[in-house]
Amino acid sequence: MRGRKIWTIGGFAAGTVLILFGVAALYLGVTSYQLVRDELSQEKIVGGQDMSPEAIAAGVEEAGLEDVELPECDVVDEEIDTGAEARCFAEYMRIHALEATGGLTYAEMGRYQSASDPGNAAGTNDAAQAAKDEEGNPISNGQRNLWINETALATALNVSYMAEQTALFGIVVGIALLITGIGLILLANAVFRRTNSEAAPAV
């Protein structure tokens, strides 16, 4: 009998704690989810005319790019205010950067603009072979700098997507904790009633 009382008290306590944690997880998840969308909306980002699978495929072909993974999402004229749309927009940004550099990534380009071939995105890492400004300093590779900007912006957009997914996971965990906590309390209540009924003297 004493063992049942201990289990009953433990069930009520554990259930209450789980419910409290569930409420907290739900609150944090919902507020974080809404925060991501509010922050994205403030940036006033709108998808471009070529941000559809068909349009970007034509652009990639025109640029002569090969082995480029194309996005499957479509955000043409869409206001970017969700994590999924932010991730989609970042995928198109990468394609735009590749089109501008002829398919070269940041690591494949030199720091400086080549003096012998200024239009070549590959550039050079040799300051002696670099194009010089009026003061004789090497000119930085503009296409390489473009990748720095693209990476920074795409990372911020992808972080928004990750934050939204994390918030959704927190909501799911919160619901699971609530259900588990309520179940424990119901179970403890059933044990409590059974214990009392067994302890009651027969009339």
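This report describes the salt bridges and the disulfide of a predicted model.

Residues are numbered from 1 along each chain as its sequence is written, and side-chain values use heavy atoms, with hydrogens and water left out. Because the model is predicted, local features need pLDDT of at least 70 and side-chain atom pairs count only at pLDDT 80 or more, while totals for chains, interfaces and linings use all residues.

Two salt bridges (a side-chain nitrogen of Lys or Arg within 4 Å of a carboxyl oxygen of Asp or Glu) are found in a search of the whole structure.

| Salt bridge | N to O distance |
|---|---|
| Glu-164 and Arg-37 | 3.2 Å |
| Arg-87 and Glu-91 | 3.4 Å |

Glu-164 is buried at 4% relative accessibility, whereas Arg-37 is partly exposed at 26%, where buried means under 20% relative accessible area, exposed over 50%, and partly exposed in between (1.4 Å probe, protein chains only).

Arg-87 and Glu-91 lie four residues apart in helix H3 (residues 83-101), and are therefore separated by about one helical turn. Arg-87 is partly exposed at 38%, and Glu-91 is partly exposed at 27%.

The structure also holds one disulfide (a pair of cysteine sulfur atoms within 2.5 Å), formed by Cys-73 and Cys-88 with their sulfur atoms 2.0 Å apart. Cys-73 lies in the loop between helix H2 (53-63) and H3, and Cys-88 in helix H3, so the pair ties together parts that are 15 residues apart in sequence. The link of Cys-73 and Cys-88 is right-handed, with 100 degrees about the S-S bond. Cys-73 is partly exposed at 24% relative accessibility, while Cys-88 is buried at 4%.

Notes:
Helices (H or I, at least four residues) and strands (E, at least two) are DSSP runs, numbered from the N terminus.
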